[in-house]
Amino acid sequence: MRPARGVAVLGSTGSVGRNALDVIARFPDRFRVSALCAGKNAEELSAQARRFRPPVVCLSEERHGSRLGRLPRGTRVVFGEEGMSEVACSGETDIVLAAAAGVTSIRPVIAAARAGKRIALANKELLVMAGKFLVGAARAGGGGILPVDSEHSAVFQAIEGHRKQDISRIILTASGGPFRNRTFRQMRNATVGEALGHPTWRMGAKISVDSATLMNKGFEVIEAMWLFDLPPDRIDVLIHPQSIVHSMVEYRDGSLIAQLGVPDMRIPVGYALSYPERLPLELPRLLPHRMVSWVFEPPDRKSFPALALAYAAAEAGGTAPATLNAANEVAVAAFLAGRIRFTDIVRVAEALMAAWRRGGRPATLKDVLRADAEAREEATRIISRMRRPHKP
Ligand code: MG
């Protein structure tokens with residue numbers, strides 16, 4: 001039997017990170033934790049370190065280090081982007097689970113991909129922002145990018161063993177989020193609590209809000225473009241509130257091949273770690289004879305303008321997706337802080353996209369990061385001029 005593979009978990013205290021650690025804990029003969037990286041949740045990182053005993057842990061900033069408390073003997077602490085790069089590229093690491101929030105992990109993940117590590121990719125923002133560079137690095141390194149996002153894992157599974165030229169289109173499914181049957185106007189006074197109430201998946205705050213605006217689905221279209229090398233006009237979205245069919249691939253003979261499963265992130269996380277094997281996960285099974293009805297319907301593009309914005313950014317290419325991503329991230333943070341309305345999130349994104357100039361293609365990652373920083377500044381300026389919503 002081959003030795004256990006080392007997994008560096010970037011974003012170990014987030015929702016995907018915890019699911020990954022659950023999978024790793026079930027299969028100690030297959031996986032060991034080579035590093036744990038968190039943002040500022042030092043307490044949980046420390047508890048995880050005591051359980052998994054990795055050689056190294058990483059926090060975003062040194063000032064959070066004092067809260068780490070007691071670490072197992074032999075566990076080092078590193079910090080920041082540099083620390084994350086070190087653990088992602090280390091000889092101990094075979095697989096990098098990229099689930100850290102935000103853009104700070106972009107350089108470490110690209111470096112790891114170039115070094116030939118397998119990238120189990122959960123942080124779709126990395127492909128949205130810098131798909132060209134991440135895909136290029138993975139191609140050069142040869143370790144591959146395995147999708148953790150449930151829809152893309154489904155597509156990946158439905159594509160295996162098929163020829164790319166036989167694919168006519170990809171259909172990404174979307175639960176529709178908590179506001180599925182609302183109009184744009186009816187979402188105006190949506191509260192943070194309502195926006196976080198995702199019907200089928202339990203996730204972090206940022207992605208839950210993105211699911212409520214459908215920006216998440218828009219980003220997933222861009223993610224699919226990069227992962228499967230298809231233009232946006234061959235990637236469609238269908239609302240499927242049951243979240244059982246995780247996505248489908250249509251072939252030119254008219255066949256649709258889909259992947260189905262209970263909505264549990266441990267399935268796509270496990271597959272990204274263990275591919276091409278499948279892990280005996282022993283989760284609750286999907287029972288076809290218990291399924292009552294499935295609904296598939298086209299998204300309401302008027303009520304959810306984020307979707308069209310993402311398609312436009314995908315078509316425009318260059319730094320447009322990075323600009324959209326940055327604007328959205330700033331706006332979602334402002335919404336979560338009670339600073340703007342739910343419907344202002346897409347307004348901010350629209351304003352940034354309207355101002356985006358079709359410039360040269362980004363030649364380097366630096367160009368992308370500059371566009372990201374400029375978009376964040378501009379989004380912050382726009383938000384500062386918006387009227388604060390009244391407390392309900
Ligand atoms: Mg998804």
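Visitor: Where is the place of Asp 229?
Guide: Asp 229 sits in the loop between helix 9 and strand 9 (235–239). Helices (H or I, at least four residues) and strands (E, at least two) are DSSP runs, numbered from the N terminus. This is a predicted model: local features need pLDDT of at least 70, side-chain atom pairs count only at pLDDT 80 or more, and totals for chains, interfaces and linings use all residues. Residues are numbered from 1 along each chain as its sequence is written, and side-chain values use heavy atoms, with hydrogens and water left out.

Visitor: What is phi of Asp 229?
Guide: Phi of Asp 229 is near 55°, a positive value in a residue other than glycine. Asp 229 follows helix 9.

Visitor: Is Asp 229 buried or exposed?
Guide: Asp 229 counts as exposed, at 54% relative accessibility. Buried means under 20% relative accessible area, exposed over 50%, and partly exposed in between (1.4 Å probe, protein chains only).

Visitor: How many Å does helix 9 reach, first C-alpha to last?
Guide: Helix 9 reaches 20 Å, close to the 20 Å expected at 1.5 Å a residue. The expected span is 1.5 Å times one less than the number of residues in the helix.

Visitor: At what angle do the axes of helix 8 and helix 9 cross?
Guide: The axes of helix 8 (residues 205–213) and helix 9 (residues 215–228) cross at roughly 95° and come within 5 Å. That makes helix 8 roughly perpendicular to helix 9. Axes are lines fitted to C-alpha atoms, for helices over the stretch in contact, and angles run from 0 to 180 degrees between N-to-C directions. Angles under 35 degrees count as roughly parallel, over 145 as roughly antiparallel, 65 to 115 as roughly perpendicular and the rest as oblique.

Visitor: Which residues make the contact?
Guide: From helix 8, Ile 207, Asp 210, Ser 211 and Thr 213; from helix 9, Met 215, Asn 216 and Phe 219. Contact means heavy atoms within 4.5 Å. By class, the contact has three nonpolar, three polar and one charged residues. Ala, Val, Leu, Ile, Met, Phe, Trp, Tyr, Cys and Pro count as nonpolar, Asp, Glu, Lys and Arg as charged, and the others, Gly among them, as polar.

Visitor: Now the metal. Which residues coordinate the magnesium ion?
Guide: Asp 149 (OD), Glu 151 (OE) and Glu 220 (OE) coordinate the magnesium ion, at 2.1 to 2.2 Å. Donors are N, O and S atoms within 2.8 Å of the metal (3.2 Å for Na, K and Ca); water is not among the atoms, so sites may look incomplete.

Visitor: How are the donor residues spaced in sequence?
Guide: The spacing is D-x1-E-x68-E. Distant parts of the chain are linked here: Glu 151 in helix 6 (residues 150–159) and Glu 220 in helix 9 are 69 residues apart.

Visitor: Is Glu 220 buried or exposed?
Guide: Glu 220 is buried, with a relative accessible area of 1%. Glu 151 is buried too, with a relative accessible area of 8%.

Visitor: Different topic. Which peptide bond is cis?
Guide: The bond from Tyr 275 to Pro 276 is cis, with omega near 5°. Pro 276 is in the loop between helix 10 (266–274) and helix 11. Glu 282 is also placed in the loop between helix 10 and helix 11. Phi of Glu 282 is near 50°, a positive value in a residue other than glycine, and Glu 282 counts as exposed at 67% relative accessibility.

Visitor: Which residues of helix 13 are buried?
Guide: In helix 13 (residues 342–355) the buried residues include Phe 342, Ile 345, Val 348 and Leu 352. What covers the buried residues of helix 13 includes helix 8, helix 9 and helix 12 (320–336).

Visitor: What does Ala 331 touch?
Guide: Ala 331, which lies in helix 12, touches Ile 340, Ile 345, Val 348 and Ile 383, not counting residues up to four places away in sequence. Ala 331 is buried, with a relative accessible area of 0%.

Visitor: Last one: where is Thr 183?
Guide: Thr 183 is in the loop between strand 8 (167–174) and helix 7. Its C-alpha and that of Ser 303, 120 residues apart along the chain, are separated by 5.0 Å. Thr 183 counts as partly exposed at 36% relative accessibility.
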